[in-house]
Amino acid sequence: MLVTEIALEEKKVELDKRFSDFESDLEAGLPVLGKVKFDKSLFSYFFFRTSGEPFRTRVFQDIILNDKNQLVLLDIARQRGKSLAAAIEAIHTAYFVPNSLVIIISHDLKGASELLFKIKT
């Protein structure tokens with residue numbers, strides 16, 4: 001899927017609404033496990049914190065995390081959160097897929113170690 005600037009803006013509005021609706025469900029005491037299981041951005045929002053606040057994925061991370069394709073090709077600049085998205089994907093898979101095996105592969109030990117550190121923290 002080729003993502004244009006217009007599509008990104010539309011996705012941002014949609015993502016903000018999903019976070020807002022999810023927050024409303026939490027405040028109302030409604031069950032949210034189904035949403036958390038099938039939406040990896042809401043999974044990270046529910047389970048992870050950043051400076052005490054729920055972690056909000058960026059729009060492109062949401063697109064990557066919730067893509068239904070088995071393989072995803074990314075052309076994204078450095079330091080944009082690709083490893084963090086991979087860590088969320090790994091944790092979500094380990095948590096919700098019974099008997100799953102999560103393998104971390106990198107071109108060097110440093111890259112694999114950094115990703116494993118993100119997963120642990």
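T57 sits in the loop between strand 2 (53–54) and helix 4 (59–65). Helices here are DSSP runs of H or I with at least four residues, strands are runs of E with at least two, and both are numbered from the N terminus. This is a predicted model, so local features need pLDDT of at least 70, side-chain atom pairs need 80 or more, and totals for chains, interfaces and linings use all residues. Residues are numbered from 1 along each chain as its sequence is written, and side-chain values use heavy atoms, without hydrogens or water.

Is T57 buried or exposed? T57 is buried, because its relative accessibility is 5%. Buried means under 20% relative accessible area, exposed over 50%, partly exposed in between, with a 1.4 Å probe and protein chains only.

What does T57 touch? Leaving out residues up to four places away in sequence, T57 contacts L15, F19, S41, S44, D62, L65 and I88. Contact means heavy atoms within 4.5 Å. With S41 there is also a side-chain polar contact of 3.1 Å. That term means N or O atoms within 3.5 Å; within protein, one must be able to donate a hydrogen and the other to accept it, and sequence neighbours count only if both atoms are side-chain atoms.

On to helix 3. At its start, a side-chain oxygen of D39 comes within 3.0 Å of the backbone nitrogen of S41. Six of the eight residues of helix 3 are buried, so the helix is largely enclosed by the rest of the structure. Those six are K40, S41, L42, F43, S44 and Y45. F47 also lies in helix 3 (residues 40–47). F47 counts as partly exposed, because its relative accessibility is 34%.
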